[in-house]
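This briefing is for a reader who has not seen this structure before. Please look over the sequence and the model before reading on.

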Amino acid sequence: MRLKDKVAIITGAGQGIGREYALGFAREGAKVAIAEIKEENAVQVAREIEALGGTALAVPTDVSDEKSTQAMAARVAKEFGRIDVLVNN
C-alpha cells in the first residue's frame with residue numbers, strides 16, 4: 001500500500017474520474033476526503049470507500065468559492081489531523 005495512512009483531498013470526486021481517483025487512493029491505503037459540490041454524490045463515494053474497508057469523509061465543497069475551500073481544508077485537517085495530498089480534479 002503506497003499511500004498507507006496518507007490523507008488525500010480529491011476535488012470533484014463524486015463522479016467520473018474523480019471518483020476513480022478516490023477509489024484508487026483508498027485501495028492504496030489513503031484516508032480520502034471527497035470534496036464535491038453535489039453532497040449526495042460525495043456521500044455515495046465515501047460509502048463505497050468504507051465498504052472496501054477504507055476511511056473516507058464526504059465534504060460538500062464549491063471549489064469556485066474561496067471560503068468553501070478554506071472550510072473544506074479546515075474540516076479535513078480537523079478530522080484527519082493533516083493533509084498530505086491534494087488532487088485538483
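The points below cover the sheet, the strand pairing and the helices.

The model is a predicted one. Its four strands form an open sheet with parallel pairing, in the order β3-β2-β1-β4.

- In the strand order β3-β2-β1-β4, the pairing is parallel.
- The edges are formed by β3 and β4 (residues 85–87), each of which pairs on one side only.
- On average, neighbouring strands of the sheet are turned by 20° against each other, with direction ignored.

**Pairing of β2 and β3**

- Strand β2 covers residues 31–36 and strand β3 covers residues 55–60; six bridges join them in the parallel sense.
- A33 has L57 in β3 as its bridge partner.
- A35 stands opposite V59, which also belongs to β3.
- Helix α2 (residues 39–51), together with β2 and β3, makes a β-α-β unit that is right-handed.

**Helices on the sheet**

**Contact between the helices**

- The axes of α1 and α2 come within 10 Å and cross at roughly 25°.
- Angles under 35 degrees count as roughly parallel, and α1 and α2 are therefore roughly parallel to each other.
- Their crossing, that of α1 and α2, is right-handed.
- On the α1 side the contact is made by R19, A22, L23 and A26, and on the α2 side by V45, E48 and I49.
- Sorted by class, the contact of α1 with α2 holds five nonpolar and two charged residues, and no polar ones.

Definitions and conventions: Residues numbered from 1 in each chain as written. Predicted model: local features only at pLDDT ≥ 70, side-chain atom pairs only at ≥ 80, totals over all residues. Heavy atoms only, no water. Pairing = 2+ DSSP bridges. Helix = DSSP H or I, 4+ residues; strand = E, 2+ residues; numbered from the N terminus. Right-handed = clockwise from strand over helix to strand, strands pointing away. Axes fitted to C-alpha atoms, helices over the stretch in contact; angles between N-to-C directions. Parallel < 35°, antiparallel > 145°, perpendicular 65-115°, else oblique. Left-handed = near helix turned anticlockwise from the far one by under 90°. Contact = heavy atoms within 4.5 Å. Nonpolar A, V, L, I, M, F, W, Y, C, P; charged D, E, K, R; others polar.
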